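Subject: Structure handover

Hi,

Here is the structure I promised to pass on. Please open it alongside this note; my findings follow below.

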Amino acid sequence: MQHIIKKILSSESSAGVILLLSAVFAIVAQNVEFLSKYYEAFLHLSFTIGVGSAKLDESMHFLVNDVLMAIFFFAIGLELKREKIEGQLRHFSQILLPSFAALGGVMMPAIIFSIINWGDAVAMKGWAIPTATDIAFAVGVMALLGKKIPASLKIFVLTLAIMDDLCAILIIALFYSSTINAIYLGGAAACVAIMLAMSRLGVDKKLPFIIVAVVLWVMVLNSGIHATIAGVLAGFCIPLKTRSGSMLKDMEHGLAYPVNFFILPIFAFTNAGVSLAGISPSFLFGPVPMGIMLGLFFGKQIGIFAFSWILIKAKIAYMPENAGWPQLYAVAIICGIGFTMALFVDGLAYGGSDMYHYTDKLAVFLGSIISGVVGFFVAKAVAVKQS
């Protein structure tokens, strides 16, 4: 039994499968009468952090979206720093094509959403919802394809997803933050400076970094910038190499299972519970859900493929090794899976409101599933034709 569990956890596709099952179970729990009351009770759980005047009385949504997701963003920060120093982001030539493709994959979905929703100021808050690729799902689909997809394209997708995450971080910081509090922002800058100083001085104990990172989170939470940005900043401050080994890699390895098999699934379970009661199929053809679905499915593939085509045809970059245009197009479709970050941005844009009868969240789910399924079968088809 232990061997089976270990094998499941080590599989590249497992994280994506569990994430999907968590979302499906949330939808079931919200719509099955005897389960819905327990699901609603879970969502409305409240908790208190701190003592006296220095305490937070918050909901389950806050715990998941602002606390646990800050840990997820911390893991992203660690990954970005490691890749920048010794990985796929180390050399400009390695990141040029996927970075430019990622830019196209952010711009085109935003353009499609904006064209469909232009003139509606409230709806336009969601322009960034279809811009991000879900790395867990994308990697899971690529893993299921195995050798049908060249290894070079798997690296292309991983690098693209990393750059995509970086774009999402910038979008959240710039467009989904409230009025800035200069005092707390200064406190956050001081925390970053302290962590960088500890890194330079060779501090090789994790606890001091964790303590300052928590203070940084509190400062960012009160600064007006979304609290999850603190996770990214803290991740960038962790030293790659210390006297006792690699603190960054130790933390990244230690967070892999909790993030993939607890934080992301509970995020999906908390945020994907769409009530289908009273939803008419016509609601899905509203501007917001259509902007999200078309942005994810068409915007992502058009943006990634077109921007890649421009760079390759201009001989500024080269086609990934052993790959052709059909395979590149297939992985561009797969990158339309935008589940986790799309739901996260949706929450920031519309605040969990039911103004669109939750079809905005349902559209994220459907757009991601369609992209994954179509991309999978297109990738299989072009692999057979070129074998």
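Which residue forms a salt bridge with Asp-204? The partner is Arg-243, and the closest N and O atoms of the pair are 3.9 Å apart. A salt bridge here needs a nitrogen within 4 Å of a carboxyl oxygen, so this pair counts. Arg-243 sits in the loop between helices H10 and H11, while Asp-204 sits in the loop between helices H8 and H9, so the contact ties together parts that are 39 residues apart in sequence. Arg-243 is exposed, at 68% relative accessibility. Asp-204 is partly exposed, at 22%.

Before going further: this is a predicted model.

**Salt bridges**

The structure holds 5 salt bridges. Two further ones are worth a look on screen.

Start with Glu-252 and Arg-82. Their side chains meet at 2.6 Å, N to O. Glu-252 belongs to helix H11 (residues 247-271) and Arg-82 to helix H4 (residues 60-86), so this bridge ties together parts that are 170 residues apart in sequence. Both Glu-252 and Arg-82 are buried.

Next, Lys-249 and Glu-86. This salt bridge also has an N to O distance of 2.6 Å. Lys-249 is in helix H11 and Glu-86 is in helix H4, so the pair links parts of the chain 163 residues apart. Lys-249 is partly exposed, with a relative accessible area of 37%. Glu-86 is partly exposed too, at 34%.

Arg-82, Glu-83 and Glu-252 are joined by salt bridges that share partners.

**The fold as a whole**

The protein has 15 helices and 2 strands. The chain runs to 387 residues, and its radius of gyration is 21 Å, which agrees with the value near 21 Å for a compact globule of that length. Along the principal axes, the C-alpha trace spans about 65 × 55 × 55 Å.

Of the 387 residues, 52% are buried. Take contacts between residues at least 6 apart in sequence: 80% of them join residues at least 24 apart.

**Surface and charge**

The accessible surface comes to about 18,100 Å². Carbon and sulfur atoms account for 69% of that surface. On the charge side, there are 24 positive and 20 negative side chains. The centres of the two sets lie 12 Å apart.

Best wishes

Terms used
Residues are numbered from 1 along each chain as its sequence is written. This is a predicted model: local features need pLDDT of at least 70, side-chain atom pairs count only at pLDDT 80 or more; totals for chains, interfaces and linings use all residues. Side-chain values use heavy atoms; hydrogens and water are left out. Helices (H or I, at least four residues) and strands (E, at least two) are DSSP runs, numbered from the N terminus. Buried means under 20% relative accessible area, exposed over 50%, partly exposed in between (1.4 Å probe, protein chains only). The radius of gyration is taken over C-alpha atoms; the globule rule is 2.2 Å times the number of residues to the power 0.38. Contact means heavy atoms within 4.5 Å. Accessible areas come from the Shrake-Rupley method with a 1.4 Å probe; for residues, only the protein chains shown count as cover. Lys and Arg count as positive and Asp and Glu as negative; His and the chain ends are not counted. The place of a charge is taken as NZ of Lys, CZ of Arg, CG of Asp or CD of Glu.
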